[in-house]
Amino acid sequence: MNNWKIKTSLYLNYFVFAILLNSVGILIQKSINTYHVDELKASSLEAFKDLSIAFVSFLIGSFLPRIGYKKGMLIALALVFVGCIGMYYGNSFTSVRILFACVGISFAVIKVSVYSMIGIITSNDKEHKSLLTSIESFFMIGIAGGFVVFPLFYSDTNPDAWLRIYLLLAVLIAVSFIILLVSDFKVNYEIPGTSLGDDFIEMIKLLKRPLVLIFAVAAFMYVMTEQGIMSWLPTFNQKVLHLPERTSVFMAVILMLSIALGRYISSLLVKKIDWLIILAACLIGAALMVLFVLPQTQHLEAKEILSLKDVPVIAYVFPLIGFFLAPIYPLVNSFVLSATEKMFHSPMASLLVFFSAIGGTIGSRLVGYLFKHIGGENAFYFSLIPMTVLMICLLFFYRIQKKTGTTIEFTAGGH
């Protein structure tokens with residue numbers, strides 16, 4: 001089996017979907033500015049993406065191994081290709097909704113396949129964590145790249161020029177499809193049940209495990225916090241900090257880079273410092289960012305922005321909250337997957353994606369509601385609530401670790 005072909009296809013798939021999935025913040029802003037919808041209606045884009053991810057991932061994890069990971073991913077790539085072409089020619093808020101529904105359905109298949117395939121094509125725990133780390137790091141590169149590339153397609157003379165990026169993405173998807181098509185995916189893996197019904201029942205039974213229940217709450221709360229901030233940061237930059245549209249999107253890349261840096265540094269620290277101390281410090285740091293940085297945005301006066309040096313300091317500082325939030329999700333993912341039998345990695349990944357997606361939907365929807373009713377300068381204060389719940393979840397994880405002796409190692413995974 002040519003593992004390098006499989007790995008290449010996994011990298012490309014993740015890179016393309018990183019751009020598409022995390023363009024929600026950009027498309028929320030575009031929907032408000034170009035399609036003239038209000039904040040609450042624009043926030044529905046997160047639901048079209050994440051609810052599609054949630055329900056498809058919940059259903060597909062139990063039978064994806066039976067239909068085959070390669071076939072599933074090929075269908076997913078074909079669907080999102082159609083979504084990108086439809087976005088380019090549709091050029092409407094309805095087209096955006098359809099695009100994100102296609103992206104959500106496709107990513108559910110891709111992520112469950114990737115998480116399951118990593119367990120199959122690696123031979124030991126170190127290889128598993130190494131490959132997962134590098135693929136998820138590539139995901140972060142895709143996210144950051146999207147926030148840099150999108151503004152490059154903006155034009156002051158042609159308001160529809162930005163749509164051309166979907167032609168570029170369609171080409172990348174087509175390349176990924178071809179590489180995947182010629183890849184050798186003849187792998188052997190165990191299937192939890194004896195039939196499709198048994199497979200689904202085995203996945204549901206995982207919810208009886210205390211570890212999985214606590215993980216579901218933690219994943220939900222983390223993604224609610226991260227996605228709420230990530231999806232609305234460009235709009236926050238424009239509406240509250242009074243940045244030009246192009247600059248407001250470009251400045252959001254600081255959040256992605258701070259997340260990547262936070263995961264890298266934490267991967268080094270976790271080898272020397274107890275993981276609970278690291279994550280407790282990170283949650284406290286994130287809360288302090290909210291409590292002490294956001295008040296600086298109150299009644300901020302608009303001024304002319306001609307270059308990056310004219311951008312208010314707050315636009316550089318607040319996105320650094322990603323540095324503190326970064327280690328939580330990947331460390332918990334690694335802990336839970338490592339504590340789960342390989343035959344259950346596909347259904348476990350499904351549950352992981354399901355609860356993360358639901359949290360992302362509610363987080364973005366809530367921030368959109370708060371943006372509309374109490375103003376963007378106050379909307380992000382809601383993140384203090386899920387941060388508090390996360391701290392409680394970490395204490396439960398620590399108790400389970402002490403009781404079972406499960407080892408927690410860091411992987412730079414993302415949601």
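**Exercises on buried helices and paired rings**

Phe107 is buried, having a relative accessible area of 1%, where buried means under 20% relative accessible area, exposed over 50% and partly exposed in between, for a 1.4 Å probe and protein chains only. This is a predicted model, in which local features need pLDDT of at least 70 and side-chain atom pairs count only at pLDDT 80 or more, whereas totals for chains, interfaces and linings use all residues. Residues are numbered from 1 along each chain as its sequence is written, and side-chain values use heavy atoms, with hydrogens and water left out.

**Exercise 1.** Work out which parts of the structure the aromatic pair of Phe17 and Phe107 ties together.

Solution. The structure holds 11 aromatic pairs; rings of Phe, Tyr and Trp (its six-membered ring) pair if their centres lie within 6.5 Å, and planes under 30 degrees apart count as stacked, over 60 as edge-to-face and the rest as tilted. Phe17 and Phe107 form a tilted pair, at 5.9 Å centre to centre and with 40° between the planes. Because Phe17 belongs to helix H1 (residues 3-21) and Phe107 to helix H7, the pair ties together parts that are 90 residues apart in sequence; helices (H or I, at least four residues) and strands (E, at least two) are DSSP runs, numbered from the N terminus. Phe17 is buried, with a relative accessible area of 0%.

**Exercise 2.** Describe the pair of Phe236 and Phe318, and name the aromatic cluster that holds these residues.

Solution. Phe236 and Phe318 form a tilted aromatic pair, with 5.7 Å centre to centre and 40° between the planes. Phe236 lies in helix H11 and Phe318 in the loop between helix H15 (313-317) and helix H16 (321-325), so this pair ties together parts that are 82 residues apart in sequence. Both Phe236 and Phe318 are buried, and together with Trp232, Phe371 and Phe380 they form one aromatic cluster.

**Exercise 3.** Decide how far helix H2 is enclosed by the rest of the structure, and list the residues that Leu27 touches.

Solution. Since nine of the 10 residues of helix H2 (residues 24-33) are buried, H2 is largely enclosed by the rest of the structure. Among the buried residues are Leu27 and Lys30. Leu27 touches Leu45, Met87, Val96, Phe100, Phe150, Trp162 and Tyr166, when residues up to four places away in sequence are not counted, contact meaning heavy atoms within 4.5 Å. Lys30 lies over the face of Tyr154, at 4.2 Å from the ring centre; a charge sits over a ring if NZ of Lys or CZ of Arg is within 6 Å of the ring centre and within 35 degrees of the ring normal.
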